[in-house]
Amino acid sequence: MSHAIVSLRQVSKGFNDGDKYHQVLTGINLSINPADTVALTGPSGSGKSTLLNIIGGFEFIKQGQLLLNGSDTSNWQDKQWSQFRRQHLGVVFQQFNLLTPLNVRDNIAFSLRLNQQNWSPWCDYLLSQLGLDEVKNRNVETLSGGQQQRVAIARALAHKPSLLLADEPTGNLDEKAGQQVMSLLTQLAQESQTSILMVTHSNECAAFMQRRWHLEQGLIHE
């Protein structure tokens, strides 16, 4: 029986701001199964990025339980987190977060090197599908925003992760480039059987996902 890739059970999260306590998430229960694609919407400040950060192990929880591939993460040390991120996780940010001294091909190969993997036909396929063949030897700083975001997607999918976390991946792109990026992202994720959890403010982008969760006042409504 295959496990859900992500399960949150009764997860709550808040933070102190001066002498005030802000509850961000309240008893969240959710699961993401293999090859699921989910859009996460909600007002600014509702905790969408916090939820993504918890699943990626960038923020920790004291209340509730996070299971990844069926394993309870509450006792995970740094080593287990880095292994999970390296092997199973791809991340695409609004800010692209590319390695600027490197060219396109070296940026994409970065996640492979972390896994002691070599460049593969899948990587060549990503380059051609994402329209990056012509620019693969160029420094990423010389590319347009749309091209940089496509490099970020190729890097996130190069090692065929089981889960892709995307935080406003089209936030810095115009509508046409955004639609192209979404269309490619969903097609390629489907081909590599990668699940997606994507934070977005855009109804057009959310429409590319199979499911939609709305986060408001600490609760998720499907």
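Visitor: Which residues lie nearest the centre of the largest pocket, and how many line it?

Guide: Arg85, Leu89, Val91, Ser111 and Leu114 lie nearest the centre, and 16 residues line this pocket. Here a pocket is an open set of points on a 1 Å grid over the protein atoms alone, where a 1.4 Å probe fits and protein lies on both sides within 12 Å along at least five of seven lines; lining residues have an atom within 4 Å of a point. You're looking at a predicted model, where local features need pLDDT of at least 70 and side-chain atom pairs count only at 80 or more, while totals for chains, interfaces and linings use all residues. Residues are numbered from 1 along each chain as its sequence is written, and side-chain values use heavy atoms, with hydrogens and water left out.

Visitor: Which elements give two or more residues to that lining?

Guide: Look for helix H2 (78-88), strand E6 (89-92), helix H3 (104-114) and helix H5 (145-157). These labels are DSSP runs numbered from the N terminus: helices are H or I with at least four residues, strands are E with at least two.

Visitor: How do you picture the empty space itself?

Guide: Rolling a probe the size of a water molecule over the atoms shows where empty space is left. In the largest pocket, that space is about 380 Å³, counted as the space filled by probe spheres set on grid points joined across faces, edges and corners. The lining of the largest pocket has 8 nonpolar, 5 polar and 3 charged residues. Nonpolar covers Ala, Val, Leu, Ile, Met, Phe, Trp, Tyr, Cys and Pro, charged covers Asp, Glu, Lys and Arg, and the others, Gly among them, are polar.

Visitor: What about the second largest pocket: how much space lies in it?

Guide: About 200 Å³. It is lined by 14 residues, with Phe60, Ile61, Thr73, Ser74 and Trp81 closest to its centre. Strand E4 (63-68) and H2 each supply at least two lining residues, and E4 has the largest share, with 3. By class, you'd find 6 nonpolar, 5 polar and 3 charged residues in this second lining.

Visitor: Now the helices. At what angle do H4 and H6 cross?

Guide: Helix H4 (residues 121-129) and helix H6 (residues 175-191) cross at roughly 160°, with axes that come within 11 Å. That makes the two helices, H4 and H6, roughly antiparallel. Axes are lines fitted to C-alpha atoms, for helices over the stretch in contact, and angles run from 0 to 180 degrees between N-to-C directions. Under 35 degrees counts as roughly parallel, over 145 as roughly antiparallel, 65 to 115 as roughly perpendicular, and the rest as oblique.

Visitor: How do H5 and H6 lie?

Guide: Their axes cross at roughly 10° and come within 11 Å, so H5 and H6 are roughly parallel. On the H5 side, the contact is made by Gly146, Gln149, Arg150, Ile153 and Leu157. H6 brings Gln180, Val181, Leu184, Leu185, Leu188 and Ala189. Together that's 7 nonpolar, 3 polar and 1 charged.

Visitor: Within how many Å do the axes of H3 and H5 come?

Guide: Within 7 Å, crossing at roughly 30°, so H3 and H5 are roughly parallel as well. Val104, Asn107, Ile108 and Ser111 of H3 make the contact with Val151, Ala154 and Arg155 of H5.

Conventions. Contact = heavy atoms within 4.5 Å.
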